[in-house]
Structure formats: C-alpha cells, structure tokens
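Student: I would like to learn how to read a model like this one. Please show it first.

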Amino acid sequence: MKPIYLTGFMGSGKTTVGSLLGEELDLPVIDTDHVIEETYGKRVAEIFAEDGEAVFRRYEAAILAELPTKNAVITTGGGLAVSADNRKFMLDHGFVIFLSCSLETIFERLKEDTSRPLFNQEKKKDMQKLYESRLPFYRDCHWVFETGECHPEEAAKRIAARLKRSELGYTGDKR
Ligand SMILES: Nc1ncnc2c1ncn2[C@@H]1O[C@H](COP(=O)(O)OP(=O)(O)O)[C@@H](O)[C@H]1O
Ligand SMILES: O=C(O)C1=C[C@@H](OP(=O)(O)O)[C@@H](O)[C@H](O)C1
C-alpha cells in the first residue's frame, strides 16, 4: 500500500493529525523533520542557524527519497512541498493530502511556539506572503482536507474513513 504524505503550512496539524492517522490506519508514522534531526544530529532550528536554509532543503530532499514508499504515514515539514521534485516524488509514490488551515488559526495555534525558525508572530505580513506563496504548491496534491475547527482526532477519523472508502484508490492492503 502506498504511503500517505501530509503536507501543509507550519502549524496546520501535520504532526498531530498524522500521528492519530497512523493509529487509525495501523501504520507507522514518520516525520521528515524528526528523521532529519536524527540523521544529521541537529535540531531543525540549529540547521537553519548554523548551515542555512539551502542546506536544510537539501537534507529534506535526500531524506524524502530514503523514506519507505509503502505502508506509512509521512508527515512533512511545511516547506518540503515547495520543491517541484519533492512534489513529483510524493505524487508518484503515494497519496498526498494537503491539510489546509487558515493563517488566522495558525497564528492562534503557534502563539507560544518558538521552535519554527521561519515562523514569526510579529511579522504577520511576511507570514501572509509566505503562506500565500505556498498555497499553489500545497494544492498540487491528491486531496485538500480542510481542517477548519476540526479537532485532530476528528480530522484523523475523517481522513481514515475517506481513505477506507477507497475514494483515493487506497486499499489498506499491506503489501
Ligand atoms: N486540528 C487542530 N485543532 C487544534 N489544535 C491543533 C490542531 N492540529 C494541531 N493543533 C495544534 O497546533 C500546534 C501545531 O500542530 P503541529 O501538528 O505541530 O503542526 P505541523 O506539524 O503542521 O507544523 C500544536 O500545538 C497542535 O497541538
Ligand atoms: O515551512 C517550513 O519551511 C518549515 C516548516 C517546519 O516544519 P512544520 O511544518 O512541521 O512546522 C520545518 O520543516 C522547518 O522549520 C521549515
């Protein structure tokens, strides 16, 4: 069975919903940021500060190509889908689901969060620009799931239910 890739802006809930989706589908969950941190022995913020964003993007592409191409829920970093090559890889190998969420909600969710080097509560206009510039890349996917006010458990259940109805060609067959 093909992997399920979750994409979307920082704070859209990829990690949270992805981990619950893994439980719903009884599949392992792999987070690209987590694998990068383990592989390169540095936190994402350290890579940005010490090596720069371009190096982080190279790590992202390298990791994506190494991840299992079956039986997994893969939660991606918010910038991974910006690369046309990364998008092609995900679209070719799995089901790509964009977790769509308003920027207003994201600001609310990330109020206390300082772990994301590219997110800055104080720079609302820059965040708006970044968010809008990325929407076309996220929309290049198999399915847009609007998280809205949906609780993470509810979101995971709804995604799993649709996958199980085979509307995306998902079979649940663990081969
Ligand atoms: N559907 C949701 N409703 C409310 N809060 C959410 C929802 N999804 C995620 N969150 C919260 O938003 C924050 C960011 O979520 P996270 O899963 O880390 O996003 P991402 O992986 O897309 O950056 C976390 O504090 C998480 O608990
Ligand atoms: O949007 C981005 O460019 C990034 C999003 C982050 O992941 P989350 O989407 O999980 O916050 C992380 O990969 C890095 O800080 C860069």
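Student: In which loop is glycine 78 found?

Tutor: This is a predicted model, where local features need pLDDT of at least 70, side-chain atom pairs count only at pLDDT 80 or more, and totals for chains, interfaces and linings use all residues. Residues are numbered from 1 along each chain as its sequence is written, and chains are lettered from A and ligands numbered from 1 in the order in which they are written. Helices (H or I, at least four residues) and strands (E, at least two) are DSSP runs, numbered from the N terminus. Glycine 78 is in the loop between β3 (73-75) and α5 (84-93).

Student: Is glycine 78 buried or exposed?

Tutor: A residue is buried if 20 or more other C-beta atoms, placed from the backbone, lie within 10 Å of its own, exposed if 12 or fewer, and partly exposed in between. Glycine 78 is buried because it has 22 C-beta neighbours inside 10 Å.

Student: And where does arginine 57 lie?

Tutor: Arginine 57 lies in helix α4 (residues 53-66). It has 16 other C-beta atoms within 10 Å, so it is partly exposed.

Student: Which strands does β4 pair with?

Tutor: Two strands pair if DSSP finds at least two bridges between them. Strand β4 (residues 95-100) pairs with β1 (residues 4-7) in the parallel sense over four bridges. Four bridges also join β4 to β5 (residues 143-146), and these two run parallel. Leucine 6 has isoleucine 97 in β4 as its bridge partner, and leucine 99 has phenylalanine 145 in β5.

Student: How many of the six residues of β4 are buried?

Tutor: Five are buried, and the strand is mostly covered.
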